[in-house]
Amino acid sequence: MHHLKWHRAAAAAGAVGLSVLLVACDGSGGTDAKAGGALSVDRVVEAAEKSGKDGADTCPLPYDAGAAAKAAKLDGDLRPGAAGAEADEPAATAEGGRTTDAQSPWAGKPGALITCSYHLGGEDLKVRTGAASEGSAVYLQAPVIQAAGGMDSSTLKAYTVKGAEAKPGEAVQSEDGNVVTVRLDSGGKGDVALVLTAGDSGKTSLERGQVLALARAFASQAK
(Lines give C-alpha, C1' and ligand atoms only; values in the text may rest on other atoms or scores of the structure.)
Protein backbone atom coordinates (compact mmCIF):
# COMPACT_ATOMS: atom_id res chain seq x y z
CA MET A 1 0.00 0.00 0.00
CA HIS A 2 1.27 3.45 -0.86
CA HIS A 3 1.27 6.02 1.93
CA LEU A 4 0.73 9.57 0.68
CA LYS A 5 2.09 12.59 2.45
CA TRP A 6 -1.12 14.44 1.88
CA HIS A 7 -1.02 17.13 4.55
CA ARG A 8 0.02 19.93 2.16
CA ALA A 9 -2.58 18.94 -0.41
CA ALA A 10 -5.31 18.71 2.21
CA ALA A 11 -4.43 22.16 3.48
CA ALA A 12 -4.63 23.62 -0.02
CA ALA A 13 -7.90 21.83 -0.71
CA GLY A 14 -9.31 23.05 2.59
CA ALA A 15 -8.59 26.61 1.52
CA VAL A 16 -11.00 26.19 -1.40
CA GLY A 17 -13.72 24.52 0.64
CA LEU A 18 -12.89 20.80 0.77
CA SER A 19 -14.35 19.27 3.92
CA VAL A 20 -13.32 15.66 3.54
CA LEU A 21 -10.07 14.19 4.79
CA LEU A 22 -7.91 12.71 2.06
CA VAL A 23 -6.09 9.58 3.14
CA ALA A 24 -3.87 7.02 1.50
CA CYS A 25 -5.07 3.97 -0.34
CA ASP A 26 -4.06 1.72 -3.19
CA GLY A 27 -4.84 3.11 -6.63
CA SER A 28 -3.71 2.03 -10.05
CA GLY A 29 -5.40 4.86 -11.98
CA GLY A 30 -7.51 4.05 -15.01
CA THR A 31 -7.05 3.52 -18.69
CA ASP A 32 -3.92 4.99 -20.19
CA ALA A 33 -3.98 8.24 -22.11
CA LYS A 34 -1.11 9.36 -24.25
CA ALA A 35 1.02 11.86 -22.34
CA GLY A 36 1.06 15.23 -24.05
CA GLY A 37 4.55 16.48 -23.23
CA ALA A 38 5.43 19.00 -20.54
CA LEU A 39 3.05 21.73 -19.41
CA SER A 40 4.94 23.33 -16.54
CA VAL A 41 3.50 24.93 -13.44
CA ASP A 42 5.13 28.21 -14.49
CA ARG A 43 3.36 28.16 -17.87
CA VAL A 44 -0.03 27.61 -16.25
CA VAL A 45 0.65 30.37 -13.72
CA GLU A 46 1.71 32.79 -16.46
CA ALA A 47 -1.37 31.97 -18.55
CA ALA A 48 -3.61 32.55 -15.52
CA GLU A 49 -2.03 35.91 -14.77
CA LYS A 50 -2.39 37.06 -18.38
CA SER A 51 -6.08 36.10 -18.42
CA GLY A 52 -6.93 38.67 -15.76
CA LYS A 53 -9.75 38.71 -13.23
CA ASP A 54 -12.50 39.24 -15.80
CA GLY A 55 -11.72 36.10 -17.78
CA ALA A 56 -11.19 35.72 -21.51
CA ASP A 57 -13.10 34.85 -24.68
CA THR A 58 -10.64 32.11 -25.57
CA CYS A 59 -8.83 29.46 -23.55
CA PRO A 60 -5.26 30.63 -22.73
CA LEU A 61 -3.93 27.08 -22.91
CA PRO A 62 -3.13 25.11 -26.10
CA TYR A 63 -6.41 23.21 -26.33
CA ASP A 64 -8.10 22.53 -29.68
CA ALA A 65 -11.77 21.80 -28.98
CA GLY A 66 -12.49 20.88 -32.60
CA ALA A 67 -9.75 18.25 -32.68
CA ALA A 68 -10.83 16.89 -29.31
CA ALA A 69 -14.45 16.58 -30.46
CA LYS A 70 -13.34 14.77 -33.60
CA ALA A 71 -11.24 12.35 -31.55
CA ALA A 72 -14.26 11.62 -29.35
CA LYS A 73 -16.52 11.18 -32.40
CA LEU A 74 -19.03 13.73 -31.18
CA ASP A 75 -21.96 14.81 -33.30
CA GLY A 76 -22.07 18.60 -33.52
CA ASP A 77 -19.64 21.39 -32.71
CA LEU A 78 -17.90 21.75 -29.38
CA ARG A 79 -17.98 25.52 -28.97
CA PRO A 80 -16.25 27.83 -26.47
CA GLY A 81 -18.35 29.20 -23.62
CA ALA A 82 -21.24 27.92 -21.54
CA ALA A 83 -24.72 27.03 -22.73
CA GLY A 84 -28.13 28.36 -21.73
CA ALA A 85 -28.44 30.90 -18.93
CA GLU A 86 -24.68 30.89 -18.39
CA ALA A 87 -23.87 31.77 -22.00
CA ASP A 88 -22.84 35.32 -21.13
CA GLU A 89 -20.02 34.12 -18.88
CA PRO A 90 -16.43 34.27 -20.18
CA ALA A 91 -15.17 31.21 -22.04
CA ALA A 92 -12.16 31.01 -19.75
CA THR A 93 -11.52 32.05 -16.16
CA ALA A 94 -8.43 31.85 -14.01
CA GLU A 95 -7.43 32.11 -10.39
CA GLY A 96 -4.15 31.93 -8.54
CA GLY A 97 -0.76 33.05 -9.73
CA ARG A 98 2.17 34.38 -7.75
CA THR A 99 -0.16 35.63 -5.07
CA THR A 100 0.70 37.27 -1.76
CA ASP A 101 -2.84 36.85 -0.39
CA ALA A 102 -2.49 34.85 2.81
CA GLN A 103 -6.00 33.41 2.34
CA SER A 104 -5.21 31.96 -1.09
CA PRO A 105 -4.42 28.24 -1.47
CA TRP A 106 -1.43 29.37 -3.54
CA ALA A 107 0.03 31.75 -0.96
CA GLY A 108 3.79 31.27 -0.85
CA LYS A 109 3.69 28.41 -3.34
CA PRO A 110 2.76 29.56 -6.86
CA GLY A 111 0.02 27.73 -8.67
CA ALA A 112 -3.14 28.39 -10.64
CA LEU A 113 -6.43 26.96 -11.84
CA ILE A 114 -7.65 27.73 -15.36
CA THR A 115 -11.18 26.77 -16.38
CA CYS A 116 -12.02 26.60 -20.08
CA SER A 117 -15.74 26.22 -20.80
CA TYR A 118 -17.32 24.59 -23.85
CA HIS A 119 -20.79 23.52 -24.87
CA LEU A 120 -22.23 20.95 -27.23
CA GLY A 121 -25.80 22.04 -27.83
CA GLY A 122 -27.21 22.35 -24.32
CA GLU A 123 -24.49 20.23 -22.72
CA ASP A 124 -21.85 22.09 -20.71
CA LEU A 125 -18.29 20.81 -20.56
CA LYS A 126 -15.41 22.26 -18.60
CA VAL A 127 -11.70 21.59 -18.89
CA ARG A 128 -9.97 22.65 -15.69
CA THR A 129 -6.18 22.71 -15.57
CA GLY A 130 -4.72 22.99 -12.10
CA ALA A 131 -1.06 23.57 -11.31
CA ALA A 132 0.61 23.41 -7.91
CA SER A 133 4.28 23.97 -7.14
CA GLU A 134 3.75 21.91 -3.97
CA GLY A 135 1.31 19.11 -3.24
CA SER A 136 -1.29 17.66 -5.58
CA ALA A 137 -3.11 19.52 -8.35
CA VAL A 138 -5.81 16.83 -8.19
CA TYR A 139 -6.58 17.45 -4.50
CA LEU A 140 -6.75 21.17 -5.22
CA GLN A 141 -9.67 20.47 -7.58
CA ALA A 142 -11.53 18.15 -5.21
CA PRO A 143 -14.47 20.54 -4.59
CA VAL A 144 -15.33 20.85 -8.30
CA ILE A 145 -14.80 17.12 -8.82
CA GLN A 146 -17.28 16.41 -6.02
CA ALA A 147 -19.90 18.82 -7.35
CA ALA A 148 -19.63 17.79 -10.99
CA GLY A 149 -19.53 14.08 -10.19
CA GLY A 150 -22.31 14.17 -7.60
CA MET A 151 -20.01 12.27 -5.22
CA ASP A 152 -20.41 11.64 -1.52
CA SER A 153 -17.35 12.11 0.69
CA SER A 154 -16.17 8.50 0.59
CA THR A 155 -16.47 8.30 -3.21
CA LEU A 156 -14.64 11.59 -3.57
CA LYS A 157 -11.88 10.42 -1.26
CA ALA A 158 -11.29 7.23 -3.24
CA TYR A 159 -11.46 9.00 -6.60
CA THR A 160 -9.09 11.87 -5.78
CA VAL A 161 -6.49 9.61 -4.21
CA LYS A 162 -6.63 7.36 -7.28
CA GLY A 163 -6.27 10.39 -9.56
CA ALA A 164 -3.41 11.85 -7.53
CA GLU A 165 -1.49 8.55 -7.59
CA ALA A 166 -1.95 7.98 -11.32
CA LYS A 167 1.02 8.32 -13.63
CA PRO A 168 1.16 11.35 -15.94
CA GLY A 169 -1.01 10.64 -18.97
CA GLU A 170 -3.16 8.06 -17.17
CA ALA A 171 -6.89 8.85 -17.31
CA VAL A 172 -9.05 8.15 -14.25
CA GLN A 173 -12.81 8.21 -14.90
CA SER A 174 -15.54 8.56 -12.29
CA GLU A 175 -18.04 5.77 -11.68
CA ASP A 176 -20.84 7.72 -13.34
CA GLY A 177 -18.51 8.57 -16.23
CA ASN A 178 -18.92 12.34 -16.46
CA VAL A 179 -15.62 13.26 -14.75
CA VAL A 180 -12.15 12.32 -16.01
CA THR A 181 -8.88 13.31 -14.34
CA VAL A 182 -5.51 13.16 -16.08
CA ARG A 183 -2.26 14.15 -14.41
CA LEU A 184 -0.06 15.91 -16.96
CA ASP A 185 3.66 15.93 -17.52
CA SER A 186 4.84 18.97 -15.53
CA GLY A 187 8.47 18.64 -16.60
CA GLY A 188 9.49 17.20 -13.25
CA LYS A 189 8.64 20.24 -11.12
CA GLY A 190 5.39 20.56 -9.22
CA ASP A 191 2.15 18.92 -10.29
CA VAL A 192 -0.30 19.69 -13.11
CA ALA A 193 -3.65 17.96 -13.60
CA LEU A 194 -6.50 18.24 -16.08
CA VAL A 195 -10.05 17.57 -14.92
CA LEU A 196 -12.74 17.33 -17.59
CA THR A 197 -16.38 17.45 -16.52
CA ALA A 198 -19.44 16.95 -18.72
CA GLY A 199 -22.86 17.92 -17.40
CA ASP A 200 -23.28 18.10 -13.64
CA SER A 201 -24.03 16.05 -10.52
CA GLY A 202 -22.90 12.84 -12.18
CA LYS A 203 -25.20 13.23 -15.17
CA THR A 204 -24.38 13.85 -18.83
CA SER A 205 -25.97 13.16 -22.19
CA LEU A 206 -22.61 12.00 -23.56
CA GLU A 207 -21.56 8.39 -23.63
CA ARG A 208 -18.97 7.25 -21.12
CA GLY A 209 -16.46 6.50 -23.86
CA GLN A 210 -16.94 9.93 -25.42
CA VAL A 211 -16.13 11.72 -22.16
CA LEU A 212 -13.01 9.59 -21.74
CA ALA A 213 -11.93 10.20 -25.33
CA LEU A 214 -12.41 13.96 -24.91
CA ALA A 215 -10.24 14.03 -21.80
CA ARG A 216 -7.53 11.99 -23.51
CA ALA A 217 -7.59 14.30 -26.50
CA PHE A 218 -7.31 17.48 -24.42
CA ALA A 219 -4.54 15.92 -22.33
CA SER A 220 -2.56 15.02 -25.45
CA GLN A 221 -2.69 18.70 -26.47
CA ALA A 222 -1.30 19.96 -23.13
CA LYS A 223 2.29 20.67 -24.08
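How many disulfides does a search of the whole structure find? The search turns up one disulfide, a disulfide being a pair of cysteine sulfur atoms within 2.5 Å. This is a predicted model, so local features need pLDDT of at least 70 and side-chain atom pairs count only at pLDDT 80 or more, while totals for chains, interfaces and linings use all residues. Residues are numbered from 1 along each chain as its sequence is written, and side-chain values use heavy atoms, with hydrogens and water left out.

The bond runs between C59 and C116, with an S to S distance of 2.0 Å. C59 sits in the loop between α2 and α3 (65-71) and C116 in strand β3, so the pair ties together parts 57 residues apart in sequence. Helices here are DSSP runs (H or I, at least four residues), as are strands (E, at least two), numbered from the N terminus. The torsion about the S-S bond is about 65°, so this disulfide is right-handed. Both C59 and C116 are buried, where buried means under 20% relative accessible area, with exposed over 50% and partly exposed in between (1.4 Å probe, protein chains only).

Now for helix α2 (residues 41-51). Its buried residues are V41, V44, V45, A47, A48 and S51. Seen down the axis of α2, these fall within an arc of 165°, so they line one face of the helix; the arc is that of the directions from the helix axis to the C-beta atoms. An α-helix has 3.6 residues a turn, so residues three or four places apart point the same way. The cover over the buried residues of α2 includes β2 (92-97), β3 (111-120), β4 (123-132) and β7 (191-198). Just after α2, G52 takes a positive phi of about 80°.

Helix α5 (residues 153-165) has 13 residues, and at 1.5 Å a residue it should span 18 Å; its end C-alpha atoms are 18 Å apart, which agrees. The expected span is 1.5 Å times one less than the number of residues. Among the buried residues of α5 are L156, Y159 and V161. The buried residues of α5 pack against α4 (142-149), β5 (171-173) and β6 (179-184).

Finally, there is Q221, found in helix α6 (residues 208-221). Q221 has a relative accessible area of 15%, so it counts as buried. Leaving out residues up to four places away in sequence, Q221 touches P62, Y63, D64, A67 and A68, contact meaning heavy atoms within 4.5 Å.
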